[in-house]
Amino acid sequence: MIDRQLHRSFSVVVCAYTEERWEDILAAVASVRSQSMPATETLLVVDHNETLRMRLRAEYAAPTVTPGDGGEVRVLANAGPRGLSAGRNTGIAAARGEFVAFLDDDAVAERDWLRYLAAGYGDPRVMAVGGRTVPAWASGGRPAWFPEEFDWVVGCTYRGLPPGKVRVRNILGGNASFRRTAFDAAGGFATGIGRDGDKRPLGCEETELCIRLSKALPHALLLIDDRAVIHHKVPEARAGFGYFRTRAYAEGLSKALVARSVGAGKGLESERRYATRVLPAGVARGLRDAVRGRERGGAGRAGAIVAGVLTTAAGYVVGSARARRGAVTFSSGPISPVVSSAPSTPAPSTPASARESPRGAAV
């Protein structure tokens, strides 16, 4: 049971970039405002889309400070370069809460989401707490060929992560929270590693940050509590094999950048166990289901796992080659306490070769 009297000050950051997700954005904010432990505020950060920003400002223009109504909603412009990392950093800079939580703009949180995240911070060494992300397939159900081991392709918790409340190397960015002081110690999300709308489905920015945080604070604890649940929408366009391959390749690129930033030892520590234990078990399970006729799509799942591994490995090889040629730049640093009310001009990137101790990377 969670302590019903527990309350911690949470700022919830939701990053948005397109009006095509208008209803999803409203649903995400509504789920935050209906939490059993109310958030202090919801920060909607809009990524270089002035039309969307003005529309959201009009939507949430009415005062929302009445006790128990779910807290204030503030709409901000991304004050950095285009992309999810800079948007999150803008939200962190503006946050008033002791803790900062992140929710995807196409996800909804269950009612006790914040309360379970908050419960993880009883130990002062805990610097980050994540939760479980469940896919909400727009098509009505999981494709028979889509292996649960690859649910990270659609931004969800995947088979192979430990259940319960456990210590982890990194949490998943779409369902995450941090102490505000964690960013004082480690800086913000590295720009360039993560997503820029849907142009290139990269990821791993939260992995790079969490490893950097553990280096800055060696005694820090990072946890996942799978009771802190959100439901992440998976549109039909992302449920096809073409997107599966594209996202797997992009993950390989991203892993190469993380390894470049924090070293291959830490950057691939969890991935080695996943590749040598979880995935072979998934292939065996799929083939066994196919032979026994016990579950539809077993052979397809086994084949998708093999294809996913090969495609991710190809992306990693290409990303590593680019890094060796110096064809990457990366940037991470302290969070500025000042947030502009209007979009700012992106800061120039710093060449990797010019940085003595790189912290993030970008293709």
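How much accessible surface does the protein chain have, and what share of it belongs to carbon and sulfur atoms? The accessible surface comes to about 15,600 Å², and 54% of it belongs to carbon and sulfur atoms. Accessible areas come from the Shrake-Rupley method with a 1.4 Å probe, and for residues only the protein chains shown count as cover.

Before the close-ups, a word on the model: it is predicted, so local features need pLDDT of at least 70 and side-chain atom pairs count only at pLDDT 80 or more, while totals for chains, interfaces and linings use all residues. Residues are numbered from 1 along each chain as its sequence is written, and side-chain values use heavy atoms, with hydrogens and water left out.

View 1. Helices (H or I, at least four residues) and strands (E, at least two) are DSSP runs, numbered from the N terminus. Of the 363 residues in the protein chain, 53% are buried. Buried means under 20% relative accessible area, exposed means over 50%, and partly exposed lies in between (1.4 Å probe, protein chains only). Among contacts with a separation of 6 or more, 81% join residues 24 or more positions apart; a contact means heavy atoms within 4.5 Å.

**View 2. Strand 2 and strand 3 run in the parallel sense.** Strand 2 covers residues 41–46, and six bridges link it with strand 3. Two strands pair if DSSP finds at least two bridges between them. Look for Leu43, whose bridge partner in strand 3 is Arg74. Strand 3 (residues 72–77) is mostly covered, with five of its six residues buried.

**View 3. Helix 3 carries Ser85.** This helix spans residues 84–94. Ser85 counts as buried because its relative accessibility is 4%. Ser85 and Thr191 are 106 residues apart in sequence, yet their C-alpha atoms are 5.3 Å apart in space.

**View 4. Helix 6 is mostly covered.** Nine of its 12 residues are buried, among them Glu205, Thr207, Leu209 and Ile211. Cys210 is buried too, because its relative accessibility is 0%. How far apart are the end C-alpha atoms of helix 6 (residues 205–216)? They are 17 Å apart, which agrees with the 16 Å that 12 residues should span at 1.5 Å a residue. The expected span is 1.5 Å times one less than the number of residues.

**View 5. Cys15 is a buried cysteine.** Cys15 counts as buried because its relative accessibility is 14%. The structure holds zero disulfides, a disulfide being a pair of cysteine sulfur atoms within 2.5 Å.
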